[in-house]
Structure formats: C-alpha cells, structure tokens
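Have a look at it before reading on.

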Amino acid sequence: MKDISQILKSDIDIKDVKQENGIFCFMNDHFVSGDNQKYMKMYDWMSFFYDFGEKWIGKLKYGNAIDRLRTELMSRLEWKNAISVLYVSIGTGADLRYLPQGIDLKTINLVGADISMGMLKRCKKQWQKKTNLTLVQCPAEDLPFADNTFDIVFHIGGINFFNDKALAMSEMLRVAKPGSKLLIADETADFVETQYKKSIFSKSYFEGKTVDLNAIEQCIPASVAEKKTELFWNNKFYGITFRKTTK
C-alpha cells in the first residue's frame, strides 16, 4: 500500500497517526481490555517463537496437517492478482505462504491488521521484502479503514475470544467491497480442549474457556449471502465463508 491515507476513514488525519517500527497504530483503548488485552499480551510474548513452534514442534506432532489446513482455507477465497486484501489478525503472516498457484503477492495491495505489536513486528521482518504490505495495529472491533475498500477480507485465528465478535464481523463486512467473499476461521472447541488447555505455554490463558460455534455463526449479520460453515483438520478447525451483498 503506497499511501495508507487513501484507504482510511475520512475523519482520520494520517499526520496524527503514531507509528512504531513503520507499523501504524490505531489502538482504541475501549477495546484493549478484557480478553482482547489478555490475548494481546499472550501473542506478544509468543511472537518470539510462534513460527518456530509451528514449523518444528507442529510438524513433529501433526505432520503436514497444518500445511494442508492453511492451503484449504486460502483456497476458499477468490484470489486474483492486483487486488486489495485485508488480513485481520495477520499474526506472523503464515497463511501468505499458501495462496493458490499463480498469485503474485507483490501485485496485491495487502494490509495486515493485528492487536499484537509483537506479532506485527515478526510479520514485517518476514514479509516486508516479499510483499506490498502495510501493517496496522488495531482491534478488529474498530478497523480504521473506509467503507467498501477491500476486494478480499479474511480472518484466521483469534475471533473465538474477541471482546465483541459481532462487532468485529460487522467491521470486516463494512470495509469489504460489495460482492466480495469473506472468510472467518478459528479453532473448534475440540482443539482448545486438547491442545491449548494442555500446553504449558497456553493453558493458563484458556482456563474456563470454550468455543460455541453456533454462537459465532449467529454473530454474522443476516444480510450476507452464501453463508457456509466447514470443518477442517478432523474437526479441529472451522471456516465460515460468506459474501457481502451488493444492496
């Protein structure tokens, strides 16, 4: 994104926006509380070994299952070269390795948003020379972008425990262009119980937590079209796709 001011809400003056390490900061304190704050802190410290853990520990435990999962999820979106894309909760950007064949990342105006500055810094280090990438720190419930901006909007990992899932869904729809396809994906209750609650690194963050997939589905506005829920990776992950109507 050559000029982020072109895609911001009209009431935001880019001159007033703080930056850290070249990452734009739009942190609304109203949403940096509760679970949002708890998991932001978790991902900040996990960012130092997140990719290593997935690449080596994850492969040792699950083989190529995570690679297949990411490939399947990316295939559910309508990728084309030279489009605008918003990746909400981009983390370290791992899913960008699994785009369909023929897609040239350098042709895409890619914006990555995340509440964790630690993850954004790791993402920048890995992807800034490989992509046309702009990184933004913000809560998903308060995206700083103008209406009808992106050809693709997707989110993978995190929404299960957002403070306001319905508002985050509404925000992602708002900034998507009419007719575009969106994807929301995260772990199922099975994975939270068998992985996150068992790991010494994460179990304290997920004590008393579970995932109600039906409740998450209900957070998607009724106005969308082509809503579809799929289960992946032996029911460890869900993906919900839907299309923003043109009306």
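How many aromatic pairs does the count come to? This is a predicted model, and the count comes to 7 aromatic pairs.

1. Start with Trp79 and Phe154. Their rings are edge-to-face, at 5.9 Å centre to centre with 70° between the planes. Trp79 sits in the loop between α3 (65-75) and β3 (84-88), while Phe154 belongs to strand β6 (residues 152-156), so the pair ties together parts that are 75 residues apart in sequence. Trp79 is buried at 10% relative accessibility, and Phe154 is buried at 0%.

2. Next, Phe161 and Phe206. With ring centres 5.5 Å apart and planes at 65°, this pair is edge-to-face because its angle is over 60 degrees. It links distant parts of the chain: Phe161 is in the loop between β6 and α5 (165-175), and Phe206 is in the loop between α6 (189-196) and α7 (213-218), 45 residues apart. Phe161 has a relative accessible area of 11%, so it counts as buried; Phe206 is buried too, at 4%. Together with Tyr39, Phe161 and Phe206 form one aromatic cluster.

3. Now helix α4 (residues 117-127). Of its 11 residues, 8 are buried, so the helix is largely enclosed by the rest of the structure. The buried ones are Met117, Gly118, Met119, Leu120, Cys123, Lys124, Gln126 and Trp127.

4. One more for Trp127, which is among the buried residues of α4. The charged end of Lys130 sits over the ring of Trp127, 5.2 Å from the ring centre.

Methods: Residues numbered from 1 in each chain as written. Predicted model: local features only at pLDDT ≥ 70, side-chain atom pairs only at ≥ 80, totals over all residues. Heavy atoms only, no water. Buried < 20%, exposed > 50% of the residue type's maximum accessible area, 1.4 Å probe, protein only. Helix = DSSP H or I, 4+ residues; strand = E, 2+ residues; numbered from the N terminus. Phe/Tyr/Trp six-rings, centres within 6.5 Å; stacked < 30°, edge-to-face > 60°. Lys NZ or Arg CZ within 6 Å of the ring centre and 35° of its normal.
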